[in-house]
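Hello,

Here is the structure we discussed, with the sequence alongside. My notes on the backbone and the sheet follow below.

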Amino acid sequence: MYAMVAPPDNAPPDNDVLWARSLHYSHSGSPGLIGVSVGVRVGEILAVTGPRGCGKTTLLRCMSGQLLPDQGEVWFNSMPVHTMGALARERLRRDRFGWIGPEPQLLPELTVWENAALPLLISGASHRAAKHTALEWLDRLDIGTFARKRPRALNRAESQRVALARALVNEPSVIFADEPTAPLHRAERAQLLRTLTTAARSHVITVLIATHDPETAAAADRRLALLDGRPAAAAPAASPTVPDTPEGRAECSLSA
């Protein structure tokens with residue numbers, strides 16, 4: 001069970017299912033997030049954009065409870081994710097969140113349908129019910145014919161569709177998608193993205209998708225651009241480069 005507390009004055013707005021405030025996180029002393037705040041509404045698809053290394057994955061991991069921020073707050077509905085213990089965050093991710101990354105991370109010893117059904121099986125669903133639901137999602141993703149095969153029989157695009165089925169199988173409240181289309185060709189990217197967004201809208205699932213691909217970001221309702229761990233609008237502007245010439249050195253002297 002999750003610890004339910006009365007939300008304080010700074011709890012998320014009623015229409016935000018997921019909300020973060022002033023997140024700071026560092027990787028071995030190097031800043032990963034610097035004062036990032038964001039709210040995501042029920043059923044909204046938010047694209048977190050920016051170049052590689054800008055903090056997209058770190059933000060998704062903090063908001064999904066995989067990482068605890070050094071400073072700041074993360075709320076899911078009325079639950080303070082940032083103060084939960086490790087076991088409560090694990091249960092939250094299992095029961096209410098889905099995750100898909102750039103690597104499918106399928107278990108080779110399980111069949112395709114068992115990989116897709118894994119969140120349900122771990123949650124205690126019956127074998128029959130878990131299999132039925134997994135097969136439904138695999139069919140929707142045009143991968144049902146591989147249900148009884150092992151992951152080694154799949155190509156990269158097919159494996160990624162199984163990973164998407166696994167993220168959707170328990171109809172989570174929120175799906176975190178970290179560069180899910182990065183390893184795919186354009187047509188495969190479009191199919192995976194279309195399936196994800198269609199499922200999200202039909203089942204009222206909130207989606208946070210981290211991407212540096214403009215076409216993927218265009219499928220979202222709204223974008224949050226990051227740069228050097230900050231919202232892009234708040235990132236400091238780079239200093240202009242002055243050429244190392246007599247004229248440039250003179251300009252530096254005059255501006256000093």
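The model is predicted, so please read every value here as computed from it. Ser22 lies in strand S1, residues 16-27, and has a positive phi near 50° although the residue is not glycine.

Asp142 is another non-glycine residue with a positive phi, near 55°. Asp142 sits in the loop between helix H4 (127-140) and H5. With a relative accessible area of 55%, Asp142 is exposed, since the cut-off for exposed is over 50%. As background, most residues other than glycine have a negative phi.

Now the sheet. Which strands form the open sheet, and in what order? There are six, in the order S6-S7-S8-S3-S9-S10, with mixed pairing. Strand S6 (97-100) and strand S10 (230-231) are the edge strands, and each pairs on one side only. Strand S3 (residues 45-49) pairs with strand S8 (residues 206-211) in the parallel sense, over five bridges. Leu46 has Leu208 in S8 as its bridge partner.

Two helices go with this sheet. Helix H5 (residues 156-168) packs on the sheet and touches S6 and strand S7 (174-178). The direction of H5 makes about 170° with that of S6. Helix H6 (residues 186-202) lies across S3, S7 and S8, and H6 runs at about 155° to S8.

Regards

Methods: Residues numbered from 1 in each chain as written. Predicted model: local features only at pLDDT ≥ 70, side-chain atom pairs only at ≥ 80, totals over all residues. Heavy atoms only, no water. Pairing = 2+ DSSP bridges. Helix = DSSP H or I, 4+ residues; strand = E, 2+ residues; numbered from the N terminus. Contact = heavy atoms within 4.5 Å. Axes fitted to C-alpha atoms, helices over the stretch in contact; angles between N-to-C directions. Buried < 20%, exposed > 50% of the residue type's maximum accessible area, 1.4 Å probe, protein only.
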